[in-house]
Amino acid sequence: MRVGRRSFAKRAVGPGAAVWRMDGVLLAAVVALSVIGTLLVWSSTRTWSSAEPTGLAKKHVLNLCIGLALYSVVAVSDYRWLRTYAPVLYGVAILGLLLVITPMGSTINGHHSWIMLGGGFAVQPAELAKPALVVMMARLLARPAEGKDRPRPVDILLCLAVSGVAAILVMMQPDLGTTMVLMAITAGVIVFAGIRKRWVLAGLVLAALAAAAVWSLGLMKPYQVARFTALIDPSSDPRGVGYNSTQALVAIGSGEVFGKGLFHGGQTTGRFVPEQHTDFIFTVAGEELGFVGTVTVVALLGVVLLRGVRIARMCEDRFAALVAGGIVAWMAFQTLVNVGMTIGIMPITGVPLPFVSYGGTATFANMIAVGALQAIHLRRPFAS
């Protein structure tokens, strides 16, 4: 028995074990962001309940532990199983999105996006649809046209179809932010696949026409229209649709260079910024850690993205490269939208900041994505 345990330990942490061959820079950046995020979640929620001031922070740590476990399992696995089971993963994700629009779904913060599990825990299928869509599209585009290195038109159309189904179901919740992320994943994977420039141009034109149709036909909810209006001029209604944008700018600006100090933010303590532990957690960093703190957070996210790009560019396996590229597109767009909406350059949408915002299913999805990057890195299907 002891020999068996020693053998397992040697495989797990001994010389040549997977843990020593992981991308240490990528892992360090994710861990650093998770630690910063935990401190910011604690700071932004500690005044919510005098009886249990660390309640949400403890739950966030539990979610991180589960996420790290999922990360470890995916990271040490052969990434090629993702290609084999991509249709199953996509099917499960679509099933989850369908269940949300049945009586099993629950509404939280205006989004009918959740399935309650009991005990205060819930699952948001839209978050799990992100990695599922990445691997499904990568599988569809992994086989280029015969004698060429570009995807076949039929595969691109199939990608648009599987992406469209997921996007429509998410939009029905309604969740504009996640829908935008799914579209960014779609565009990212297709571009990484080497699509011709005229197809990219055609896609941009179609996207613009679709956006114009949604706007002109009144398919957007009134509050979603109001958010775009607030982007243009948040001061026009500072106590109404422009409230979130105005308070976010005040919080970030008040931190100046070095911030007011962790746990000493007046805007944060007074809860002037809504959803400051999730969608607006960047404002907590701005107020309490200042410009230096926000730059550090953005820089760490940049490290994650750059390591992902490196893995994608050096990978000889087309499927693995597309998975890495899709993950980079997902994380980059989500970071851009979250940071952009807090500083007034993007419309306000319900998009959390990767690895920093409080979350359950979102945390799991992010960790699974990084685990997939590590799995690709560990198998080393790289060009010499």
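1. Two strands count as paired here if DSSP finds at least two bridges between them, and strands themselves are DSSP E runs of at least two residues, with helices being H or I runs of at least four, numbered from the N terminus. One detail to look up: Met116 has Ala122 in β3 as its bridge partner.

2. A word on the source: this is a predicted model, where local features need pLDDT of at least 70, side-chain atom pairs count only at pLDDT 80 or more, and totals for chains, interfaces and linings use all residues. Residues are numbered from 1 along each chain as its sequence is written, and side-chain values use heavy atoms, with hydrogens and water left out.

3. Now the whole sheet. It is open, with three strands in the order β1-β2-β3 and antiparallel pairing. β1 and β3 (121-123) are the edge strands, each pairing on one side only. From one strand to the next, the twist averages 60 degrees (axes are lines fitted to C-alpha atoms, and angles run from 0 to 180 degrees between N-to-C directions).

4. Thr107 sits in strand β1 (residues 105-108). Thr107 counts as exposed because its relative accessibility is 51% (exposed is over 50%, buried under 20%, partly exposed in between, with a 1.4 Å probe and protein chains only). Its C-alpha lies 8.9 Å from that of Gln173, 66 residues apart along the chain.

5. Over in helix α4 (residues 55-75) there's His60, which counts as buried at 1% relative accessibility. Leaving out residues up to four places away in sequence, His60 touches Gly37, Thr38, Val41, Val356, Ser357, Tyr358, Gly359 and Thr363 (contact means heavy atoms within 4.5 Å).
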